[in-house]
Amino acid sequence: MNRIIKKVAVLGSGVMGSRIACHFAGIGIPTLLLDIAPKELTEAEAAKKLTLDHPAVKNRIVNDALAAAVKSNPSPVYTKEVVQRITTGNFTDNMKDIASCDWVIEVVIERLDVKQQIFTEVEKYRKPGTLITSNTSGIPIHLMAEGRSDDFKKHFCGTHFFNPPRYLRLLEIIPTAYTDPGVVDFLLHYGDLYLGKTTVLCKDTPAFIANRIGVYGIMAIFRLVEKMGLTIDEVEALTGPLIGRPKSATFRTADVVGIDTLVKVAKGVAENCPADEQRDVFVIPPWLDKIVANKWLGDKTGQGFFKKTKGAGGEKEILTLDLQTMEYGPRQKPKFSSVEAAKAVDDLKTRLKMLVQGADKAAEFIRQFHYGLFSYISFRIPEISDELYRVDDAMMAGFGWEIGAFESWDVLGVEATIAKMKEAGFAVAPWVEAMLAAGVKTFYKVENGRKLYYDLSSKGYLPMPGGEAFLVMKNFAGSTVWKNSACRTYHLGDDVLGLEWNTKMGTIGGEVLEGIQRSIALAEEKYKGLVIAGDGGNFSAGANVGLIFMLAIEQDYDELDMAIRQFQQTMMRARYSAVPVVVAPHGLTLGGACELSLHADRVIPAAESYIGLVELGVGLIPGGGGTKEFTLRAADEMHDGEPETITLKNRFFTIATAKVSTSAYEAYELGILKKGRDIVSINQGRRIAEAKASVIELFNDGYTMPVPRKDIKVLGRSALGMLYSGIHSMWRGQYATDHDVVVAKKLAYVMCGGDLSEPTSVNEQYILDLEREAFLSLCGEKKTLERIQSVLKGGKPLRN
């Protein structure tokens, strides 16, 4: 059956339901969002003499929920316009409308009786073959299927989205014994390709995979806090980015999720998993019961493990709960010798090895935590999943871990760690010891650019699913063509090269520019083209401002001029190469990284790419060709019948206000991405493979090097006065500082082509020279240097 999803119904408009609807709308699917009709009028409705049957009243709950979702931060939609694809209604009047839907998703309150009532209504109206799934986070899926028709059972399973659905990439698929395998395969594929999710097949066990392991990890840490006498601030310092976990670490994560929710999941595992060897870990300690009884549930009640207050001067202050006294006090910055040494190491795997070798309390905590985690995951296979990689996928996509638990075990050495675990009193599942006895020493390995995992049933390695659709740069380390201390150029197969760099925050300095130039030259010699991408948390935060600051402070303007020329030349090399250059960014793609994207033959950004020219935030203008490119595009966008200054003005203010797209889709609206050329990859993991395919497509279509532009229309004085007037208005309205005015006028001067008496056609180098001269002059400004210094010290001058 060729199943196509043309329309989706979401039943329940709470926090999850409304945001799931927004995500479907965001990928272009018309969505029906339904909820209950109110049973009472509000005072405002009564004053208007409305009745419970009035449409505005009947749809009040769903409409208010959707409005709240759209206004929430972070936004649940890629662009505000997609909300138009959502139609709202209520269960009483509009349940019949699900007959036109191809997939019905239930997202009502977590009560089995309520869900069963909803499914009874769904059965009345859904057409045969329609998918019906539940977003439950804990109710057994098979219980919801009981008493339903054969066709319902065949097309029913669990689809557990994580909150917020747009940003957390995990989608757990939980079938029952009745679910058609074809439905399962479809949902795994659709969730990956169209929803951008890491789809993980789960067994119908309590808390499924991610919450089972994730909540175990949190509860185990709670036990270690008691055992080792640790404070909340100490644990937060040890369980965040230091070990490859999110900044929210442990206790902050609990506050965000809701401490009551955490307790509910833990109790559910304790009650429903009598055979779990770590069942006691899930028993709620008395101090946690007291926190729940006090209604200190986290963000939802204004306080939990942390509490936001205002200090004596009115500034925001975050207090930490003392678990001994149950009183809040100022946050502390704990110091551990092992942590201080490890912080200097950027590579996570190397850092983890260092941490477990330490001799202080922090190192002992990290060892104890990992030993417990490794023991627990070993016994969960095959209980919650037959394949170990699904556990790692779930934790990375659902809890934001940089590497999964089994991969962490590989990093620390499976055999060596087991010996230490046994010494510390931690057991290991028999299958792991059997694996080692058979001579298999790791859970994963890489061969020919493909990642393989150890499979219990075959007792050997199998390729990770997805094959060529999911390429990871580092997996091609064995096919390195060229490298320097910052960059590596790999052969990705099919005569396509791939370039990545490993600088802090992906910053672009001289070695990265060398890597781009060298990789293009290599591709021109004997390959079809080049993909530029990375595997880190972000693509790139832009140019190395530390280098700019150093040269400016030393007033080494000749060296600074050379550095800017090199940057410009590298961007133009990407534009005018003999082979296609495709950039595949993700996450932060700022400043120089945005300029690289502007000059590529095609951009394949992840949907969650935040792209912008942010140089005005540090008192500079884009100096790597970004100002030139926006001027060129403004000239190309000028249309007959409208003032020529409109497109230039729009482009100017995009740079002048340092706008950053909140998604790749918004980057189209900002004029950074081009419709018809650049293609958004909804699944971040697919973007490198899609970029490689684009290189091959462009090459096979007879790619030829573009001709340098000599026909860029710049408007001179006729537009300069208009832009100066706009700058002055922003200054008078206190939207711009005196220094902002200085910088913005430099930008306007470049984008207008200088003080020309009339509109003139110029070439790209003419604008690049103006751009470089303006950039250099601003490097001598005291205020610019102060702003750059603020960035280097951790300040936040970038604004949108």
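**Chat about the model**

A: Starting with G240: leaving aside neighbours within four places in sequence, G240 is in contact with R245, P246 and A249. Contact here means heavy atoms within 4.5 Å.

Q: Before we go on, what kind of model is this?
A: This is a predicted model, where local features need pLDDT of at least 70 and side-chain atom pairs count only at pLDDT 80 or more, while totals for chains, interfaces and linings use all residues. Residues are numbered from 1 along each chain as its sequence is written, and side-chain values use heavy atoms, with hydrogens and water left out.

Q: Okay, where does G240 lie?
A: G240 lies in the loop between α11 (232–238) and α12 (251–257). Helices (H or I, at least four residues) and strands (E, at least two) are DSSP runs, numbered from the N terminus.

Q: And is G240 buried or exposed?
A: G240 is buried, with a relative accessible area of 0%. Buried means under 20% relative accessible area, exposed over 50%, and partly exposed in between, using a 1.4 Å probe and protein chains only.

Q: What separates the C-alpha atoms of G240 and R252?
A: They are 10.0 Å apart, with G240 and R252 12 residues apart along the chain.

Q: Switching to K153. Which helix is K153 found in?
A: K153 is in helix α8, residues 150–154.

Q: What does K745 lie over?
A: K745 lies over the face of Y724, at 5.3 Å from the ring centre.

Q: On to rings. How many aromatic pairs does the structure hold?
A: The structure holds 32 aromatic pairs. F119 and F156 form one that is edge-to-face, 5.4 Å centre to centre with 75 degrees between the planes. Rings of Phe, Tyr and Trp (its six-membered ring) pair if their centres lie within 6.5 Å; planes under 30 degrees apart count as stacked, over 60 as edge-to-face and the rest as tilted.

Q: Where are F119 and F156 in the chain?
A: F119 is in helix α6 (residues 112–125) and F156 in strand β6 (residues 156–161), so this pair links distant parts of the chain, 37 residues apart. Both F119 and F156 are buried.

Q: Why is the pair of F222 and W287 edge-to-face?
A: Because the ring centres of F222 and W287 are 5.2 Å apart and their planes are at 70 degrees. F222 lies in helix α10 (residues 210–228) and W287 in helix α14 (residues 286–293), so the pair ties together parts 65 residues apart in sequence. F222 is buried at 1% relative accessible area, and W287 counts as buried at 14%.

Q: Now salt bridges. How many are found in the whole structure?
A: A search finds 49. In one of them, the side chains of K349 and E407 meet at 3.3 Å, N to O. K349 lies in helix α16 (residues 348–356) and E407 in helix α19 (residues 405–412), so the pair ties together parts 58 residues apart in sequence. K349 is partly exposed at 30% relative accessible area, whereas E407 counts as buried at 10%.

Q: Last one: which residues are buried in helix α33?
A: In α33 (residues 782–792), T784, L785, R787 and I788 are buried. They cover an arc of only 160 degrees around the axis, which puts them on the same side of α33; the arc is that of the directions from the helix axis to the C-beta atoms. What covers these buried residues includes α23 (545–553), α31 (738–751) and α32 (764–779).

Conventions. Lys NZ or Arg CZ within 6 Å of the ring centre and 35° of its normal. Salt bridge = Lys/Arg side-chain N within 4 Å of Asp/Glu carboxyl O.
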